[in-house]
Amino acid sequence: METYFNIRYEFDRKAVHQSVDTRLNEPGSDYICVADGVILNTANRFPEYLQVVNGGMFAICDSSYVPLYIKWIHGKEYGQYCGSEIFLDIVSNRKYRMIFLGTQQHILDGLKANLQRYNPDVSGMKFVELPFRKVSQFDYPGIARMIEEDGADIVWVALGAPKQEFFMSMLKPHLNHGVMIAVGAAFKFFSGLQEKRAPEWMIKNHLEFAYRLTQAPKKQMKRCAWILATLPKMFYDEWMHKRNSNNLNPTTGL
């Protein structure tokens with residue numbers, strides 16, 4: 001794991017999956033955040049949210065731009081591991097019992113039907129619509145009991161950021177087993193009913209944001225505006241952190 005722009009990232013895909021296996025063999029529960037540009041921006045503006053994002057196992061990088069920023073500043077090469085990819089990787093490997101928590105039943109129904117193409121075991125798993133309410137108003141003990149009665153290892157959460165990250169952090173103390181992963185739009189991508197990911201050529205050329213702008217212009221324009229407004233300060237802070245780290249004496253740390 002490495003910390004960049006104040007977020008603890010795990011970029012190694014093999015290490016991500018090994019960490020999930022290890023955590024599932026230990027008592028208690030934990031969570032993984034899927035940090036895109038919006039989460040990066042929001043976490044660096046709100047300390048409470050940053051604490052939540054860093055309060056789980058780690059974050060994976062759901063941004064094609066963060067690896068570019070790291071390369072420009074630190075000269076290190078990393079790759080993106082987006083939410084829809086880890087979602088399909090874990091669903092397809094058929095290693096775990098899973099439960100899917102979301103907000104709209106018709107999306108969950110479409111998701112269940114489509115995921116059976118990748119994993120027939122999904123037909124016997126639960127897809128649970130969560131009521132629309134403030135994150136502080138959920139019945140966390142009751143949700144934890146439902147998950148534990150089901151025996152799920154992986155708890156997929158799709159409530160939208162930042163709500164889903166707060167949800168996982170508040171459910172964690174009540175859950176005795178499982179790894180929660182917040183995947184945002186992945187439920188919609190794989191439901192076959194609503195949003196789709198950008199074409200592969202746009203993803204490879206760091207243009208997925210442009211595709212999303214065409215799908216939900218009002219929502220995405222607001223997000224892009226915040227990112228552009230705060231990015232210069234994040235760049236400067238990260239560059240200063242690198243410079244200060246390089247100035248430390250490697251022997252004494254002074």
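**Note on the salt bridges of a predicted model**

1. The side chains of Asp 21 and Lys 95 form a salt bridge, with N and O 2.8 Å apart; the term denotes a side-chain nitrogen of Lys or Arg within 4 Å of a carboxyl oxygen of Asp or Glu. This pair connects distant parts of the chain, for Asp 21 is in helix H1 and Lys 95 is in the loop between H5 and strand S5 (98-102), 74 residues apart. Asp 21 is partly exposed, at 25% relative accessibility. Here buried means under 20% relative accessible area, exposed over 50%, and partly exposed in between (1.4 Å probe, protein chains only).

2. The model is predicted: local features need pLDDT of at least 70, side-chain atom pairs count only at pLDDT 80 or more, and totals for chains, interfaces and linings use all residues. Residues are numbered from 1 along each chain as its sequence is written, and side-chain values use heavy atoms, with hydrogens and water left out.

3. The secondary structure consists of twelve helices and eight strands. Helices (H or I, at least four residues) and strands (E, at least two) are DSSP runs, numbered from the N terminus.

4. How many salt bridges does the structure hold? There are nine. In general, side chains of opposite charge can pair when their charged atoms come close.

5. A further salt bridge joins Arg 13 to Glu 85, whose closest N and O atoms are 3.1 Å apart. Arg 13 belongs to helix H1 (residues 13-24) and Glu 85 to helix H5 (residues 83-93), so this pair ties together parts 72 residues apart in sequence. Arg 13 is partly exposed, with a relative accessible area of 35%, and Glu 85 is also partly exposed, at 28%.

6. Arg 97 and Asp 150 form a salt bridge in which the closest N and O atoms are 3.0 Å apart. Because Arg 97 is in the loop between H5 and S5 and Asp 150 is in helix H7 (residues 140-150), the pair ties together parts 53 residues apart in sequence.

7. Two values describe the protein as a whole. Of its 254 residues, 46% are buried. Among contacts (heavy atoms within 4.5 Å) between residues at least 6 apart in sequence, 74% join residues at least 24 apart.
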